[in-house]
Amino acid sequence: MWNESCPDFPRNLMEFDKRFNSEEACREYLFAQRWPNGFRCPSCAHGHGWTNKRNLVECSNCNHQTSLIAGTIMQGSRKPLLMWFRAMWWVCTQKTGISAAGLKRILGLKSTQTAWAWLHKLRRAMIRAGRERLSGRVQVDDAFIGGEEPGVKGRQSFKKARIAVAVEMKETGRGLGRIRIQHIPDFSASSLIDFVRQNVELGSVIETDGWKGYNPIEKMGFQRIILRISDSPENPLPHVNRVIALLKRWLLGTHQGRVSIKHLQHYLDEFVFRHNRRKSKDIGLLFQRILKQSSETGPITYREIVRKTT
Ligand SMILES: [Zn+2]
């Protein structure tokens, strides 16, 4: 069983392959992630059960069966857990993530549609509800992405979209701290202020450009520092601009610009997930996180993903 003081996850690909070499091994691990304090039968509250080949946990007292994957992002999947585990491993251990075509190839899936849907399901497990807001000194800016852009090679399939970006600044040096990115409808004060309030701790120092849309943030309980082009003619907000450049490169590189605007936020979530953990020493810990969050994130069907309109 996993706990903070005794982490239980494979540390590299060798350990991963060795450990998850059968459905049974995957079932056992998923079981421990879903019920870290031990299984409790929903029917008779008995504390012992075992998983069978149909991914059903059977109570050893009353034989009630509970699905191991029901209520998780894997719900309804008939594919082996071995494949899901490998998809999760690739998604979190590859520095630039993986495209649907790439995942299809690696797993030997028959359709790109399945790979595409799996990636979208996994993206939903990347954002933890109630995650901590950014704090300290935070640079905030808004930008367009998509369409044809000077200085960016290639062309995004979606028309221009507006995003808001916040970057926590390290106290020392020029390194980038944690980030948040949101697809926003416009650059109005209300959209920008909503973004800041949702993502930055009150009392933080916020660096922005002179755009009037940010004017209300001081009244909201933030300190604001306006950086003007005259302060640094080349790049008044270097941290935010660096993140935006990396994001554009990722969308055009890994995804070759084939991102639909209605799904953009989920791609942004994946980018943020990977960026905020890029210095993590244990890649296996990321895998374990994503597996755990996948077991806690409710299911969504392919139809629901496609139908999404916002
Ligand atoms: Zn029972």
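**Zinc site, pockets and core of a predicted model**

Glu 171 is found in the loop between strands β5 (161-169) and β6 (176-184). Strands here are DSSP runs of E with at least two residues, helices are runs of H or I with at least four, and both are numbered from the N terminus. The structure is a predicted model: local features need pLDDT of at least 70, side-chain atom pairs count only at pLDDT 80 or more, and totals for chains, interfaces and linings use all residues. Residues are numbered from 1 along each chain as its sequence is written, and side-chain values use heavy atoms, with hydrogens and water left out.

Glu 171 counts as exposed, at 84% relative accessibility. Exposed means over 50% relative accessible area, buried means under 20%, and partly exposed lies in between (1.4 Å probe, protein chains only). Arg 124 is 47 residues from Glu 171 along the chain, and their C-alpha atoms are separated by 31 Å.

A zinc ion is held by four protein donors: Cys 41 (SG), Cys 44 (SG), Cys 59 (SG) and Cys 62 (SG). They lie 2.3 to 2.4 Å from the ion. Donors are N, O and S atoms within 2.8 Å of the metal (3.2 Å for Na, K and Ca); water is not among the atoms, so sites may look incomplete. The spacing of the donor residues in sequence is C-x2-C-x14-C-x2-C. The arrangement is tetrahedral because the donor atoms subtend angles of 105 to 112° around the zinc ion. Four donors count as tetrahedral if all angles lie between 85 and 135 degrees. The ideal angle for four tetrahedral donors is 109.5 degrees. Cys 59 is buried, with a relative accessible area of 0%, whereas Cys 62 is partly exposed at 33%.

Two residues other than glycine have a positive phi. Ala 45 has a phi near 65° and sits in the loop between α2 and β1 (49-51). Asn 63 has a phi of about 65° and lies in the loop between β2 and β3 (65-67). Ala 45 is partly exposed at 41% relative accessibility, and Asn 63 is partly exposed at 47%.

The largest pocket holds about 560 Å³ of space. On a 1 Å grid over the protein atoms alone, a pocket is an open set of points with protein on both sides within 12 Å along at least five of seven lines, and lining residues have an atom within 4 Å of a point. Grid points are joined across faces, edges and corners, and a volume is the space filled by probe spheres set on the points. The lining has 22 residues; Lys 95, Thr 96, Arg 274, His 275 and Arg 278 lie nearest the centre. Helix α7 gives the most to this lining, with five residues. Nine of the lining residues are nonpolar, seven polar and six charged. Here Ala, Val, Leu, Ile, Met, Phe, Trp, Tyr, Cys and Pro count as nonpolar, Asp, Glu, Lys and Arg as charged, and the others, Gly among them, as polar.

The largest nonpolar core has 40 residues. Such a core is a set of buried Ala, Val, Leu, Ile, Met, Phe, Trp, Tyr and Cys residues joined through side-chain atoms within 4.5 Å. Leu 30, Met 74, Leu 81, Phe 85, Met 88, Leu 103 and Phe 287 touch the most other members. Helix α3 gives the most to this core, with nine residues.

Definitions and conventions:
Four donors count as tetrahedral if all angles lie between 85 and 135 degrees; four count as square planar and six as octahedral if opposite donors are over 155 degrees apart and all others between 65 and 115; anything else is irregular. On a 1 Å grid over the protein atoms alone, a cavity is a set of points where a 1.4 Å probe fits but cannot get out, and a pocket is an open set with protein on both sides within 12 Å along at least five of seven lines; lining residues have an atom within 4 Å of a point.
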